[in-house]
Amino acid sequence: MIRDKIDNDFLYYLGTGTQTNLYDFFGAHEVKNEKGECIAVEFMVYAPNAWRVNLVGSWNYFNPEEIFMEKIHEAGIWYVKVDRNLDGERYKYVLHTNNGLTLYKADPYAFSSGMRPNKDSVVTDIEGYKWNDAKWKNTHKKTYDQPVSIYELHLGSWRRKGLGDNDFLNYREIANLLVPYLKEHGFTHVELMPVCEHPLDASWGYQGTGYYSATSRFGMPHDLMYFVDLMHQNSIGVIFDWVPGHICKDNHGLYMFDGTPLYEYQEERDRENVEWGTANLDLGKGSTRSFLYSNALFYMRKYHADGFRVDAVSNIIYYLGNKNRGENRGACDFLRGLSTLIFKEDDRVLLIAEDSSDYAGVTRPVSMGGLGFNYKWDMGWMNDTLKYFKLDPVYRKYHHNQLTFSMAYFYNEQFLMPLSHDEVVHMKGSLLNKMPGDYWQKFANFRLMIGYMMTHPGKKLLFMGSELAPFSEWAFYKDLDWNLMDYDSHRGANQYIKDLNALYQKEKALSELDYSYDGFKWIEADNADQSVFIYSRFAKNKNDHLVVILNCTPNTYFDYEIGVPGDYKYREIINSDDLKYYGSGKTNPGYLNVLEKEKHRLPHSVKLTIPPLGMVVLKNVTKKIVVKK
């Protein structure tokens, strides 16, 4: 029995934030006979401020006076065993608190919840799924010198059955459609926006009530396991968007769980996140740490998670994200403990900080004084890039440094380059619609910007639907604009992203030395008058390199001479102006002859046509040729 495992050691580890498998104790756990049939269910809940706790459920018509839970430890552990098969039954706890409240609460450790607007927990057995991802688990590598191209996904609006409130595909249906789509487009990972149970569709999962409960909108826990399993069988990693900083304030959730801020800050000024309408968790509390540490390991152990994108890290590092209030040391210690725990479990995990602060050492190892993340979103790059590309090209020469500045600080952290959901909602417009110019120029600018992201050092993230180049911004209540693939312009943009991802995976120079000074060199960084940027990317084998040219004006530059790193012949391997991408067709066929002429402080050079609002990538061919004087 679970109650027999509760001793002083358990409570010590719970209180000090070092109990990391609470899901094995708290919640609803089925007891089975030799045939595997459920014959009883054990319920256990942590509520120190309660003087009485009742269990109510669909099997007893939610009668609050029928099932009394026993307080099995003075620290506030409540327990009851119900001797019947309750699999699939709905339930809640009724907490009678010492401060005179009667609270109906969902189970913080429930493995499943009722479909909203139902607010009950559901007795669910998550054991018994037969995984088929052993090859992936045993062989996939650390990602630091590997290509990482993440497809950020909102499960409720990628594809739908209709426009009704509950016209969702389930986890299995989405997985079966998504796997061939991701493989066709060349994405290496999928990042799921929060899957924890939440009451409001419009919150997209960022204001949760059930941390251990995969949202019932899309099925049951085994369905989500199938989703991850199928991704792994096709060599696609799965990253979970995780929100440890703040919680939904709905009455049935974790908020003021036992009538006190059990998991939140005691002081209202620290607890209340007025801007988001949520409550901040006190990450310095032992009980909160044990709850969240257990939750992270739960997704790794039960759902085979490959990584976590941690939401709103700046709001964790500083109280309410306000740097003037100083560093939140308890919360930063929580993050260090999180990374230490996760990497001890599996050092290949992607632990990604969505952080807009300038706090130093976010991706530095804990042993070196850092917070221990291995990647951080480059929000500065994202904001500068979007500001630059929104400008009419005639003004870009005055803002030239917005595209060069990122490399001035890039090596301070291990950055990931995101173009995320936050940039295509709330009247910000889609990526395409941010672009200036006429219809053709919008698409050219879009292709140019995506090409810049894909050739810039750092791992990549693109929000779903951006690969279709839609004019309309993302709407969570409907599926993507799949009809756009009927148009040449959108089909061309889509093919371009497919080819870019394929190039990214093929060319080692685009990923092997992402975080080394040896992996990137400016060739021409200061040509503001023509808004031209030229840089080279290198693989570990220095003879393997690429030259990237960006032209951020609608002018075509013929016979443009650039310096190149070697006396090899070069060929164009992708050109965003290619006709197949809906470009104007100003490409450079064949090989480019190398000139024995110094340019851009390099001993050799080539001449080429740089297309309007276009990106060209040149690759050196290892066989040398006689250079012309």
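1. The model is predicted: local features need pLDDT of at least 70, side-chain atom pairs count only at pLDDT 80 or more, and totals for chains, interfaces and linings use all residues. Residues are numbered from 1 along each chain as its sequence is written, and side-chain values use heavy atoms, with hydrogens and water left out.

2. The largest nonpolar core has 180 residues, and Phe43, Phe227, Phe240 and Phe308 have the most contacts inside it. A nonpolar core is a set of buried Ala, Val, Leu, Ile, Met, Phe, Trp, Tyr and Cys residues joined through side-chain atoms within 4.5 Å. Buried means under 20% relative accessible area (1.4 Å probe, protein chains only). Helix α6 (residues 286-303) gives the most to this core, with nine residues; helices are DSSP runs of H or I, at least four residues, and strands are runs of E, at least two, numbered from the N terminus.

3. Lysine 92 lies in strand β7 (residues 90-97). Is this lysine buried or exposed? Lysine 92 is buried, with a relative accessible area of 13%. Leaving aside neighbours within four places in sequence, its contacts (heavy atoms within 4.5 Å) include Asn54, Tyr104, Asp120 and His252.

4. A disulfide is a pair of cysteine sulfur atoms within 2.5 Å, and by this rule the count is zero disulfides. Cysteine 38 is buried, with a relative accessible area of 12%; for cysteine 552, also buried, the value is 0%.

Technical notes. Buried < 20%, exposed > 50% of the residue type's maximum accessible area, 1.4 Å probe, protein only.
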